[in-house]
Amino acid sequence: MKRSARLPSRLPLRSRLRLLCPAVLLLAALLPPHVVHAQRTGVTEYAIKAAFVCKFAGYVEWPAGSFEQPDSPIVIGVVGEPEVADQVANAARGQAIDARPLAVRRLRPGDPVDGVHVLFVTRARAPQAQAALAAAQRQPVLTVTEQEDGDGPAGIVNFVVVGNKVRFDVAPHLGEPAELRISSRMLSVARRVVPRTS
Amino acid sequence: MKAGVKPMFRGSLQRKLLGVMLATAFVTVLVALGAMIGHDLRESHRGWVEEIAAQAELLGRTTAPALTFDDAAVAQENLTLLSRQQRIRAAAIYDARGTMVARLRPAAAEPPLPALPGADGVQVDGGYLHAFRRVVDQNQILGTVYLRGEYALYERMGRYAGIGAVVIAIAMLAALGVSFWLQRLVTRPVLDIAATARHVMERQDYTRRAGKTSDDEVGVLADAFNDMLSEIERRTRALEAASQEQERLNAELERRVQERTAQLEQSNQELSVATRAAEQASRAKSEFLSSMSHELRTPLNAIIGFGQLLASDRFPADEQQRRMFVDHIVKSGRHLLALINEVLNLAQIEAGRLTLSLEPVALQDVLDDSRAMVDPLAAPRGIRVLFPERCTYVVTADRTRLKQVLLNLLSNAVKYNRDQGAVVIDCTLPTPGRVRVSVQDTGRGLTPRQIESLFQPFNRLGQEAGEQEGTGVGLVVTKHLVEMMDGRIGVQSTPGAGSVFWVDLPQADGAAASAPLPLASSAEHKALDLPAASQPPQDAEGATVLCVEDNPANLAFVRSALGHRPHLRLLTATDGRTGVELARAHRPQVILMDNNMPGLTGREALAVLMDDPVTSGIPVIALTANAMPKAVDDGLAAGFFRYLTKPIDVDALIGAVDEALRESRGRGNG
């Protein structure tokens with residue numbers, strides 16, 4: 001509610017980014033470098049999303065048997081541009097969830113999703129990866145998409161940009177068939193928890 | 001003061017008890033409350049600290065996703081939920097870089113939120129709890145939460161203080177009530193004892209007893225106190241009794257002291273009386289000596305005077321005159337002898353050396369003896385002496401002395417009678433046990449004043465110038481003798497008509513007691529009387545008489561007295577030893593022996609002579625100045641034939657010699 005009050009207009013992200021660009025650049029020049037990273041710029045949008053993708057793993061509970069070993073890595077599959085995959089790999093580097101390291105694997109839209117625990121499908125690759133996404137929905141895989149409203153089926157987690165901030169909606173019921181549980185703490189920070197449609 | 005003792009005493013004990021109770025209650029409540037409050041405050045503090053730490057932790061956990069996904073709005077929303085809690089005064093959330101991403105602003109009066117996060121932990125500062133908490137997730141520091149909570153410890157302490165005050169006040173009230181109750185239980189018996197003690201002290205009333213109300217220590221105290229009181233009471237009584245006894249003894253002592261004092265005074269009076277009597281006696285003795293000197297001089301004057309007339313050639317006197325002179329001399333000499341005898345008697349009596357042998361004496365015998373001696377006196381003057389017809393009374397007396405008494409009275413009655421007068425003797429029994437012998441004369445009588453001095457020595461009652469001779473000692477001796485025989489002597493007189501002298505003597509118990517005449521006395525009389533009979537001298541030829549005498553005058557007298565017997569040869573010796581030798585040599589028929597001589601005394605010489613068979617048969621006649629009756633008796637017992645006392649009566653001497661000659665001759669014949 002407050003968010004909607006604070007963000008009354010729903011202009012296209014790009015046009016808004018563009019409007020903000022000169023000011024943001026100016027501000028970034030004045031501020032120290034780590035502060036610049038926090039700014040939601042077009043350049044850093046995927047960096048933020050990559051970091052979020054890595055952190056989602058901490059709020060997800062996979063069914064038993066999803067991992068061979070207690071220290072088996074959590075495999076993040078990225079279906080998208082190579083730059084995005086690099087971003088995710090960068091974010092995952094050095095990260096560990098409950099003693100499990102993060103492993104990033106770049107996938108093509110037709111690739112099988114076996115052994116993947118988190119599947120990030122970028123907006124650009126979404127149309128080609130419908131089948132893979134659908135297949136992943138049947139498996140205990142946290143699917144992450146960045147679909148705009150009406151663009152097509154979204155994953156369990158769907159990035160949205162609200163104002164100049166990266167937010168996400170969560171549809172926990174999508175993971176229920178595969179016994180994938182989403183922590184309620186993650187739900188508390190979601191922009192919207194998508195209800196069961198039918 | 002006594003009025004003040006009571007409340008002070010009572011107040012003290014009660015106040016002390018009350019003080020103890022209240023202090024105990026106060027301290028107990030204070031400690032209990034303090035412990036409880038302290039514990040409570042500590043627990044509160046810990047609880048608050050833990051609570052805020054937990055809240056910070058919870059907030060951190062809640063905020064972790066918001067920080068993870070950089071969602072300030074959610075973070076703010078999380079904080080806003082906290083704003084419902086009253087105790088949380090302010091809160092803030094900082095991201096990993098220290099930037100405050102959400103805040104709950106404090107009230108205007110309160111300090112602002114810290115600009116930068118602090119170290120982890122909870123601090124108390126300025127009445128608030130400040131809690132910082134790192135938000136860590138998957139080993140990554142996501143940020144920090146800050147909470148500021150109320151820290152109401154001091155308020156709570158204030159509240160507790162109020163509650164404590166109220167609780168203490170209630171406890172004090174309760175203690176006060178309990179104390180009053182306890183006082184009834186404990187203090188009152190003690191106070192009762194104290195009241196009793198005070199009563200006893202004030203009134204010295206040891207009969208009071210303290211009441212015993214319980215069997216505890218106070219009861220024991222009451223018992224002990226009562227026992228003590230009993231003991232004190234007992235001792236007090238004993239003390240009082242002892243004090244009374246003491247007083248009684250003191251009174252007794254005082255009384256005895258008074259008695260002794262009175263006795264002492266009496267003794268002093270008696271002493272002064274005795275002193276006066278002694279002085280009087282001394283004076284009397286002086287007077288007596290003076291009188292006696294006079295009395296002795298009077299007859300001596302006659303003797304010496306007439307002697308001088310006889311010896312003088314210038315006063316030629318015819319035979320008749322010379323005979324008159326000699327008569328005067330002899331009469332005066334006899335008077336002197338009587339006087340000396342009387343005085344010696346008196347001296348003996350007064351010295352207490354006179355011994356009497358009291359025995360029953362028939363009055364008739366004594367009267368008969370006296371009659372024989374008085375008649376010769378009375379006859380020349382025509383005085384009739386009338387004795388009672390028969391006097392049967394027997395009295396207890398010394399025979400010789402009784403006769404002396406009666407003779408004295410009778411001779412006086414004759415002596416001081418008128419010529420042709422009468423003397424009447426009577427014996428009566430005026431009171432049972434007392435025999436009275438009275439001698440009545442028809443003389444001139446005595447005035448009362450004369451009677452007063454009647455029994456004084458040398459008082460001749462106006463007879464000094466009279467023709468009747470007297471010693472003036474006779475009545476004194478008589479009175480003494482009568483009194484020594486337990487009798488009384490008295491006189492009644494009518495001047496001009498005559499006097500009655502009487503003697504009372506105790507009646508002897510056995511009236512039948514015989515009174516034999518003592519032979520010695522009879523013999524003596526006979527000896528004395530014999531010369532008067534003037535028996536003719538018998539054959540005296542060839543008789544030798546030895547006279548042992550140291551005094552030449554006495555020797556000359558004996559020679560003169562025996563001179564008219566020419567056939568008697570007289571040998572003389574002047575001491576006892578010579579006398580004994582002469583006696584052995586000449587064997588005289590009679591020895592005349594003086595007693596008091598140089599060398600051998602007469603008694604010793606007699607013993608020597610009697611031991612010697614040659615001389616033991618010679619009769620020895622004592623011629624001695626020792627006229628005491630005892631000496632006479634002793635002498636006769638020692639063996640003297642006769643005992644003649646000086647001055648020697650010529651007739652008596654010649655009679656004794658004649659008798660001795662007869663004895664000697666008879667013995668020689670036999």
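What share of the contacts in chain A with a separation of 6 or more is accounted for by residues 24 or more positions apart? In this predicted model, such residues account for 59% of those contacts, a contact meaning heavy atoms within 4.5 Å. Residues are numbered from 1 along each chain as its sequence is written, and chains are lettered from A, with ligands numbered from 1, in the order in which they are written. Local features need pLDDT of at least 70 and side-chain atom pairs count only at pLDDT 80 or more, while totals for chains, interfaces and linings use all residues, and side-chain values use heavy atoms, with hydrogens and water left out.

Chain A has seven helices and ten strands, which are DSSP runs numbered from the N terminus (helices H or I, at least four residues; strands E, at least two). Of the 198 residues in chain A, 41% are buried, that is, under 20% relative accessible area with a 1.4 Å probe and protein chains only.

In chain B, the buried residues of helix 13 (residues 602-611) are Gly602(B), Ala605(B), Leu606(B) and Leu609(B). They lie on the same side of helix 13 of chain B because they cover an arc of only 105 degrees around the axis, taken from the directions from the helix axis to the C-beta atoms. These buried residues pack against helix 12 (576-586), strand 15 (590-594), strand 16 and helix 14 of chain B.

Strand 16 (residues 620-624) of chain B pairs with strand 17 (residues 642-645) of chain B in the parallel sense over four bridges, where pairing requires that DSSP finds at least two bridges between the strands. Ala622(B) stands opposite Tyr643(B) in strand 17 of chain B.

Technical notes:
Buried means under 20% relative accessible area, exposed over 50%, partly exposed in between (1.4 Å probe, protein chains only).
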